[in-house]
Amino acid sequence: MSLKAEQTSPAAIKTGVTHQMTGNEAIARGAWEAGVKVAAAYPGTPSTEIMENMGRYPVGDIKAQWSTNEKVALDVAIGGSFAGVRSMSMMKHVGLNVASDALMSQSYIGAHGGLVLIVCDDPGIHSSQNEQDTRIFGQFAQVPVLEPCDAQEALDFTKAAFDISERFDTPVIVRSTTRISHTRSPVMVNERIMPEDRGFNLDVTKNVMVPGHARARHPKVIERLERLAEELNSSDLNRLELGSSKIGIITASMSYVYVKENLPEISVLKLGTSFPLPKKLIQEFCAKHDRVIVVEELEPVIENTIKSWGLKVEGKEFFPRIGELSPEQVRISFEKAGVLKPEVTSYAPQFEPLIRPPVLCAGCPHAMSYTAIRSLDVRVAGDIGCYTLAVGDPLTAIDTTVAMGSSIANAVGMYLAGYAEKPIVATIGDSTFIHSGIPPLIDAVYNQANITVILLDNHITAMTGGQENPGTGKTLRGEQTHKVNFEEMIRACGVEWIERVDSYDAASMMQTMREAIAYRGVSVLIADRPCVLDPVKIKGPTMKVDQKDCNACQGCMNLGCPALLWSDEWYEGRHIVKIDPTACIGCSVCAQFCPTGAIQPSVSLDRKGEKAKVCGSKSVGEC
């Protein structure tokens with residue numbers, strides 16, 4: 001749920017006491033306490049709520065904004081750092097891929113005002129297309145990576161990151177994960193500190209990365225990492241909990257919590273940074289123990305570095321490189337390592353968990369768009385958004401999905417490859433189009449590709465919870481601003497065939513899509529209908545099935561709407577359909593597909609639609 005600016009400002013909460021906070025709330029609080037003045041982000045689970053919470057702090061304290069993509073967000077924060085104020089950018093792990101071009105150069109430039117990137121990884125791939133490990137990016141960019149293990153450390157480490165950034169003249173990554181971002185725990189909060197603005201530092205040899213300047217800056221990057229690594233040997237960011245000398249555990253982030261849950265008395269070196277590592281501290285810890293095991297999620301980043309120093313440690317031979325760790329998984333791994341004896345439990349019946357894949361919401365406008373696409377037998381390059389769920393049954397209308405904004409360029413590549421078995425269609429959402437779909441559309445026109453683009457405009461960034469974007473005409477704080485005109489923008493890219501169709505109008509959608517595909521060149525069809533959930537849930541008179549007229553043809557069931565169910569009634573050996581009134585939002589698309597007219601509104605409507613309005617339309621016909 002999006003946070004609204006009119007809610008009580010979290011800046012007003014009582015300080016010096018503990019409050020229950022999620023990791024994302026704590027990161028936002030830590031940034032505010034650290035005196036951040038500029039904050040920019042693009043929404044992406046599990047990082048989204050950080051910026052939503054930043055938007056609740058007074059506008060006089062923080063200039064907080066949604067940006068069009070993660071690179072823009074980081075560049076905005078870099079600009080704030082250039083101007084001498086503490087600045088921050090937030091994104092999920094795959095968002096760092098988009099922002100990495102700027103990060104690689106900014107590593108050489110450094111940070112005038114403190115510059116911090118909050119990057120939230122998604123081990124277990126709960127809501128992402130991969131589970132890459134941001135710590136490797138930190139090594140790649142040669143910037144420090146801090147890893148909190150709970151909400152309190154999320155706040156404390158965010159504050160510490162700004163101090164490190166300014167003292168060592170470097171961008172700093174604070175790496176969270178899904179569990180840290182979304183788990184709630186007690187947090188002690190404090191007052192905001194206001195560091196003095198540093199003003200703009202006019203130094204072109206430092207700020208302008210041409211080859212001559214970059215060659216001089218690279219040695220400084222190496223030198224600062226060496227200084228930082230040396231300081232970390234005695235830093236409070238790391239925690240030493242000595243126990244028996246037999247076995248020692250080196251760990252970080254959420255893995256520390258799982259280790260302590262299974263082995264509360266074990267000797268542990270809990271690292272607050274995964275790059276650079278405190279070499280002397282680790283060497284001393286290893287020397288005190290007969291056996292040392294590294295416990296970390298995903299890649300053996302810490303383990304491999306320690307092994308490169310010639311120290312003997314174990315780790316990934318027992319702990320998986322794939323998926324999210326848990327207390328149960330850590331216990332199993334310790335049993336494999338011989339640290340714990342296999343747990344003996346009384347017999348309990350084993351149950352296979354019911355697999356319930358995610359589905360589009362009842363009344364989702366994307367369902368009709370993909371129903372039309374599927375009926376036309378085309379090759380579909382999909383993109384990142386709620387609509388990616390159309391890959392599953394019963395829609396099964398997407399053939400490829402790679403990354404944000406990839407669909408249009410993927411379609412161009414299919415065309416250039418000479419693919420002619422089926423017409424080529426690219427589907428992309430409104431927020432994703434603004435994020436990274438415009439350059440490939442220009443490329444498609446410039447290179448005269450013969451493709452159709454379906455722009456799925458649901459008027460919001462729906463997948464991450466209904467955030468504003470330049471297509472909504474509202475800012476993070478809900479203020480009115482310029483609203484992008486998609487037709488004008490697309491026309492400016494050189495597209496000549498553009499049509500906008502109501503996604504709920506099945507006949508118009510089908511016919512217009514046929515025309516778009518028949519057009520020779522780049523055609524763009526805008527499928528226009530607001531998201532049924534954000535910013536508010538749209539609900540009109542629900543639909544119902546007159547079961548005496550239903551012939552169980554299953555045509556409506558192919559829409560994949562979760563409000564459509566099988567009843568206990570039968571017709572010629574097949575179940576008759578029924579509609580769940582608590583789920584139905586009254587879009588009427590199923591009624592348009594019903595050949596017998598069995599599906600009707602549950603309340604009577606007059607011909608002008610004055611007694612009730614379905615889905616925000618003026619009449620049933622318009623819905």
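# A guided tour of the predicted protein chain

The model is a predicted one, in which local features need pLDDT of at least 70 and side-chain atom pairs count only at pLDDT 80 or more, while totals for chains, interfaces and linings use all residues. Residues are numbered from 1 along each chain as its sequence is written, and side-chain values use heavy atoms, with hydrogens and water left out.

**The whole chain**

Along the principal axes, the C-alpha atoms fill a box of roughly 80 × 70 × 55 Å.

Of the 623 residues, 54% count as buried. Buried means under 20% relative accessible area, exposed means over 50%, and partly exposed lies in between (1.4 Å probe, protein chains only). Among contacts with a separation of 6 or more, 75% join residues 24 or more positions apart; a contact means heavy atoms within 4.5 Å.

**The nonpolar cores**

Next, select Tyr 370, Ile 408, Phe 433, Leu 441, Ile 451 and Ile 490, which have the most contacts inside the largest nonpolar core, a set of 73 residues. A core of this kind consists of buried Ala, Val, Leu, Ile, Met, Phe, Trp, Tyr and Cys residues joined through side-chain atoms within 4.5 Å. Centre the view on Ile 408: apart from neighbours within four places in sequence, its contacts include Ala 426, Ile 428, Phe 433, Leu 441, Ile 451 and Val 453. Another core, of 39 residues, lies apart from the largest one, and among its members are Ala 34, Phe 168, Leu 237 and Leu 476.

Move to His 93, in helix H4 (residues 93–109). His 93 is buried, at a relative accessible area of 0%. Leaving out residues up to four places away in sequence, His 93 touches several residues, including Cys 120, Asp 121, Asp 122, Asn 130, Glu 131 and Thr 134.

Leu 269 belongs to strand S11 (residues 267–271), and Leu 269 likewise counts as buried, with 0% relative accessibility. Beyond neighbours within four places in sequence, the contacts of Leu 269 include Arg 239, Leu 240, Ile 249, Leu 281 and Phe 285. The C-alpha atoms of Leu 269 and Leu 281 are separated by 8.9 Å, and the two residues are 12 apart along the chain.

Now select helix H10 (residues 253–262), which is mostly covered, with seven of its 10 residues buried. Among those buried are Met 254, Tyr 256, Tyr 258 and Val 259.

**Backbone features in the loops**

Most residues other than glycine have a negative phi, and most peptide bonds are trans. The next four stops depart from that pattern.

- Pro 46 sits in the loop between strand S2 (38–41) and helix H2 (48–54); the peptide bond from Thr 45 to Pro 46 is cis, with omega near 15°.
- Pro 276 sits in the loop between strand S12 (273–275) and helix H11 (279–287); the bond from Phe 275 to Pro 276 is cis, with omega near -10°.
- Leu 298, in the loop between strand S13 (291–295) and helix H12 (301–308), has a positive phi near 65°. Leu 298 is buried, at 1% relative accessible area.
- His 459, in the loop between strand S17 (452–457) and helix H17 (486–492), has a positive phi of about 65°. At 29% relative accessibility, His 459 counts as partly exposed.

**A last stop**

Finish at Thr 542, in the loop between strand S19 (523–528) and strand S20 (543–545). Thr 542 counts as buried, at 13% relative accessibility. Its contacts, apart from neighbours within four places in sequence, are Pro 581, Cys 584, Gly 586, Gln 600, Pro 601 and Ser 602.

Key
Helix = DSSP H or I, 4+ residues; strand = E, 2+ residues; numbered from the N terminus.
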